[in-house]
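Visitor: Please take a close look at a single part of this model with me, and then connect that part to what lies elsewhere.

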Amino acid sequence: MNARVARALDAVTAERAENALLSVRGLTVRFRLRGGRTVAAVTDADFDLAAGECLALVGESGCGKSVLASALLGLLPANAETSGTALTDGTDLLAADEKTLARSVRGRRVGLVPQSPAAHLTPVRTVRAHLEETVRALTDTPRAGRRKAAEDAADRAAFPATHLDAYPHELSGGLAQRAATALALIGDAPLLLADEPTTGLDRDLVERTADELRRHTDDGRGLLLITHDLTAAARIADRVAVMYAGRIVEIAPAHRFFGTTGPAHPYARGLLDALPDRAFTPIPGMPPELSDLPEGCAFAARCPRATDLCATVPALRAGVACHHPERPRA
Amino acid sequence: MLELDAVTAGYTPREPVFRGASLTLAPGESVGLLGPSGCGKSTLARVAALLHRPDAGRLVLDGTEVTAWRHRAPREQRTAVGVVFQQPRTAADPRLSLADLIAEPLRATGRKAEAAARVAELAPAVGLTPELLTRRPHAVSDGQLQRACLARALSLRPRWLVCDEMTAMLDASTTAALVAAVESYRRETGAGLLAVGHDRVLLNRWCDRTVEWKDCLRTPGA
Ligand code: SF4
C-alpha cells in the first residue's frame, strides 16, 4: 500500500473515532487457566461505532465475539485479564469499576439485548413487573408515572399491551425477544449491544427481530450486533467485522462484503461460500484452539492462499488482516 | 420406506401437540420437513426415531409396523434409525470422552469390540481429530460436539437418519460440513434422511424434496 493511501485511510479512521459513540482500541482479553495455560480470547480488536450505525460482529462460536461483548459490559469472569480501551462518552468501559458500570453504564449507556431472553427474565415476575422495575432502576420517573413509562417501553419494542401481564414462560420466542428489547430500551442508552439475538428463532422471526433492531438504530442509536447468522447481518448491518480466532480479520461496508465485490479475507470468503444459497461448501478443517494458537496467521492451516509470509501475523490494513487478500469478485 | 401414517402425539393425555400427521419417505430419499418452532415437527421426528410413542397412528419402518418404542423397541428396529438433535449439550453425557460418546451405541448393543475401528473410521468423516476424541464435551465447542453426535448417530450404520434442527445453533461453515458428512454417508450406504428444520433455504438446498408441516396434517385423500 502506498503512503498516500495509508494516510488517507488513517484519516478516515481518525474521523470515525472522533464521531464514534464507541471507540475500541487494542481490546485484548486473556484467560489464565490452571496449569499455566492462557486462552487468547480476544486480541487487539480495533473498531468504531457511530450513532445510527449497525456494526455486525460475525464469526463462528468460540471465535471470541461473545467475550468481546462481555468485556464491553464488564461481565467477564474473575480470571480474565483485559487490556486496551473502549471509550464511550468519555468513559473507558474497560477501566471502569463495577460501581460505575452498574450505576451509569449498563442499561444507561449500553443496553443489552441478550441471547435467549427467556433465560434473562425472572420466571416468577410478569413482563409488566420487569419493565416497571427497570423504569424505577434506570430513570427518574416518579412512581405514578412508571406504569405508563413501562407501557411506552413495551410499545417502542412492539411488545403487545395484551401480554404485559404474562409470565416469561407464557411468551413465544418472538415475544420474549421483544420483552428483552423493551427492557434494553428503557434507559434510553445510546448504544445497543445485541448478543446473538436471533439464535434459535424461525427465519421470519429472525427477520422481524433484525428489522426491529434496525429501527432502533435508525432512531439514532449505535448497534453492535454480535451474531453467527450472516443472513441477519446482511439484512441490517452497515458494516461487518469478521472475527477469527480472537482477532478481527476484516472490517468492511456491508454492501461491499455481501455484494458483488465480496470479502477480501480468505476466511470471510469461505464463510460466505458456506451458505446454503451460495456454494454450500465448508471451509476445510476447524479453527485452532484459543489456548494453542499458531505463531503466524491463525487461518493458515485452512487457507488456500497461504505462503511462507503467513508465518507472521498479518496486521489489519485497509480493513483486512491478510498477506494475500482476495481480489474483488466483480 | 419410512411411513408415518395419521400420527397423533403429545406429552399430556388428551392434549396432543398435533393430530393426524402423515409423511412417507421412499428408500434412500431425503425429505426436509419445514415448520415454525413449537408446531410439533420435533415431536413427529421423535416418533420417527422410535423415541416417542404416539397416541394414535402408525409408524411403518421398511415394511414392519413399529409396536414398541424406546428401549422396548426390538433392537433391529431401534438401530435402523439414527438421530441427531439441535442441542448437542443436552444430548451428550458430560462424563464421556468424544470417542466414548461416538461408541456409545456400539457398547450398548454389545458390539464393544468393533468400537475402536468404527470410531477411527467415523472421526475423519465428521472432521474430528484424534486429539479432540480424547476430550470431554465441556472442553469442545458446540460445533465439535455436534460433529461427535452425528458420528454417534452413524455408528450403527442406520438405514434412516433423523436430523432435528441439527445445525440451528451452528455457523455457516460447520453447517455445510455436517451436511456434507451426512450426504457422503448417504451416498455410501443409500440411507434415507428426514431433516426437520425451519430454514427453508437450507432444507431446499439439502434435501430431495421439502414438505410443509401444514401439508403433513392434511388427511390423505381429503
Ligand atoms: S495471511 Fe496468509 S494464511 Fe492468513 S488468510 Fe491471508 S493468505 Fe491466508
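Guide: Helix 8 of chain A gives four residues to the lining of the second largest cavity, the largest share from any element. The model is a predicted one, in which local features need pLDDT of at least 70 and side-chain atom pairs count only at pLDDT 80 or more, whereas totals for chains, interfaces and linings use all residues. Residues are numbered from 1 along each chain as its sequence is written, chains are lettered from A and ligands numbered from 1 in the order in which they are written, and side-chain values use heavy atoms, with hydrogens and water left out. Helices (H or I, at least four residues) and strands (E, at least two) are DSSP runs numbered from the N terminus.

The second largest cavity holds about 30 Å³ of space, and its lining is made up of A:Gly174, A:Arg178, A:Leu205, A:Arg208, A:Thr209 and A:Glu212. Two or more of these lining residues come from each of helix 7 (173-186) and helix 8 (203-218) of chain A. A cavity is a set of points on a 1 Å grid over the protein atoms alone where a 1.4 Å probe fits but cannot get out, a pocket is an open set with protein on both sides within 12 Å along at least five of seven lines, and lining residues have an atom within 4 Å of a point. Volumes are the space filled by probe spheres set on points joined across faces, edges and corners. By class, the lining of the second largest cavity divides into one nonpolar, two polar and three charged residues, where Ala, Val, Leu, Ile, Met, Phe, Trp, Tyr, Cys and Pro count as nonpolar, Asp, Glu, Lys and Arg as charged, and the others, Gly among them, as polar.

Now to the two helices themselves. Helix 7 of chain A and helix 8 of chain A pack with their axes 10 Å apart, at an angle of about 15 degrees, and are therefore roughly parallel to each other. Axes are lines fitted to C-alpha atoms, for helices over the stretch in contact, with angles from 0 to 180 degrees between N-to-C directions; angles under 35 degrees count as roughly parallel, over 145 as roughly antiparallel, 65 to 115 as roughly perpendicular and the rest as oblique. Helix 7 of chain A passes helix 8 of chain A in a right-handed crossing. In their contact (heavy atoms within 4.5 Å), A:Gly173, A:Gly174, A:Gln177, A:Arg178, A:Thr181 and A:Leu185 belong to helix 7 of chain A, and A:Leu205, A:Arg208, A:Thr209, A:Glu212 and A:His216 to helix 8 of chain A. That contact has two nonpolar, six polar and three charged residues.

Helix 7 of chain A also packs with helix 6 (residues 146-156) of chain A, at an angle of about 120 degrees and with the axes 8 Å apart, which makes helix 6 of chain A oblique to helix 7 of chain A. Here A:Ala153, A:Ala154 and A:Arg156 in helix 6 of chain A meet A:Ala182, A:Leu185 and A:Ile186 in helix 7 of chain A, a contact of five nonpolar, no polar and one charged residues.

The structure holds two cavities of 30 Å³ or more, and about 90 Å³ lies in the largest cavity. Of the 13 residues that line the largest cavity, A:Pro266, A:Cys297, A:Cys303, A:Cys310 and A:Cys322 lie nearest its centre, and the lining divides into nine nonpolar, three polar and one charged. The largest pocket has a volume of about 1,400 Å³; 48 residues line the largest pocket, with A:Ser61, A:Gly62, A:Leu290, B:Val140 and B:Ser141 nearest its centre. By class, the lining of the largest pocket has 20 nonpolar, 16 polar and 12 charged residues.

Terms used
A crossing is left-handed if the near helix is turned anticlockwise from the far one by less than a right angle, and right-handed if clockwise.
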